[in-house]
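Hello,

Here is the structure I promised to pass on to you. Have a look at it first, and then read on for what turned up in it.

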Amino acid sequence: MKSGLSWSVRAAFAAALALTALPAAATVGGSFLVAARAAPAPSGAQSLCSTYSWACDGRAGAQRSREMDLVKRVNRSVNASTREISDRSQYAREEHWALPTRRGGDCEDFALIKKRELIRSGVAPARLLIATALDRQRRSHAVLIYRSTGGDVVLDNQTDRLRGWQQTGYVFLRMQDPADPRRWVSGFTSR
């Protein structure tokens, strides 16, 4: 190359410049999960749309001002007010996707209640997608993805801290299709 700057210095400069131009929400996300193919719904989510029509609502909308603050509050509030209990203990089966009961719920129940509360608070349903993953210990896990203008942000019952999907250390397996949340997608890269 003819430039006096090395490729790595130019890349670092470009990345720093790009970060300064992004809104504050982007520093949490930074990229979007992009699926390569369609996938079947997780076993517990087979009747999700018929049970909770709002969970599969695809109405779009722009991110409102202070929406990220609302997302943080709902994540913290649900994590603090919902007790963790397995489907095996509560329903005597491995997978049952439902809103938490008085006894509590497991990870997908946390994701569902967060999605419902955010929709009730005015967040566009298409910006809220349930995803399944393998967590850092490679156990099955479910989270809620919030599609901020700056990237996909993870709402997780394992932490009150919002993180971009790439910062979780999780292996994402499936997610509701952003184009139609009644369907599921997999094979993720970022953009």
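Setting aside neighbours within four places in sequence, Val 123 is in contact with Arg 64, Glu 67, Leu 70, Leu 118, Leu 128 and Tyr 146. Please keep in mind that this is a predicted model. Val 123 sits in the loop that links H5 to E2. Is Val 123 buried or exposed? It is buried, because its relative accessibility is 2%, and the limit for buried is under 20%. Another residue to look for around there is Gly 61: the C-alpha atoms of Val 123 and Gly 61 are 7.7 Å apart, although 62 residues separate the two in sequence.

Now the overall layout. The protein has five helices and seven strands. Reading from the N terminus, the order of elements is α-β-α-α-α-α-β-β-β-β-β-β. Of the 191 residues in the protein, 48% are buried. If you take the contacts between residues at least 6 apart in sequence, 61% of them join residues at least 24 apart.

Next, the inside of the protein. The largest nonpolar core has 30 residues, and those with the most contacts inside it are Leu 48, Tyr 52, Leu 112, Leu 118, Ile 130 and Tyr 146. At least two residues of this core come from each of helix H3 (67–81), helix H5 (107–120), strand E2 (128–134), strand E3 (140–148) and strand E4 (151–156). Which element gives the most to this core? That is H5, with six residues.

H3 and H5 deserve a view of their own. Two packed helices are described by the angle and the distance between their axes. In this model, the axes of H3 and H5 come within 10 Å and cross at roughly 140°. H3 is therefore oblique to H5, since an angle has to be over 145 degrees to count as roughly antiparallel. The crossing of H3 past H5 is right-handed. Which residues meet there? From H3 they are Leu 70, Val 71, Val 74, Asn 75, Val 78 and Asn 79, and from H5 they are Phe 110, Ile 113, Lys 114, Glu 117 and Leu 118.

On to the cysteines. How many disulfides does a search of the whole structure find? It finds one, formed by Cys 49 and Cys 56, with their sulfur atoms 2.0 Å apart. The link between Cys 49 and Cys 56 is left-handed, with -85° about the S-S bond. Cys 49 counts as partly exposed because its relative accessibility is 28%, whereas Cys 56, at 8%, counts as buried. Cys 107 is buried too, with a relative accessible area of 15%.

Not counting residues up to four places away in sequence, Ala 142 touches Cys 107, Glu 108, Ala 131, Thr 132 and Asn 157. Ala 142 has a relative accessible area of 4%, so it is buried. From Ala 142 to Ala 131 the C-alpha atoms are 5.6 Å apart, and the two residues are 11 apart in sequence.

Finally, two loop residues to check in the backbone. Arg 66 has a phi near 65°, a positive value in a residue other than glycine. You will find Arg 66 in the loop between helix H2 (48–51) and H3. Arg 66 counts as exposed because its relative accessibility is 65%. Ala 92 also has a positive phi, of about 60°, although it is not a glycine. Ala 92 is placed in the loop between helix H4 (87–91) and H5. With a relative accessibility of 60%, Ala 92 counts as exposed.

Best wishes

Definitions and conventions:
Residues numbered from 1 in each chain as written. Predicted model: local features only at pLDDT ≥ 70, side-chain atom pairs only at ≥ 80, totals over all residues. Heavy atoms only, no water. Core = buried A, V, L, I, M, F, W, Y, C linked by side-chain atoms within 4.5 Å. Buried < 20%, exposed > 50% of the residue type's maximum accessible area, 1.4 Å probe, protein only. Helix = DSSP H or I, 4+ residues; strand = E, 2+ residues; numbered from the N terminus. Disulfide = S-S within 2.5 Å. Axes fitted to C-alpha atoms, helices over the stretch in contact; angles between N-to-C directions. Parallel < 35°, antiparallel > 145°, perpendicular 65-115°, else oblique. Left-handed = near helix turned anticlockwise from the far one by under 90°. Contact = heavy atoms within 4.5 Å.
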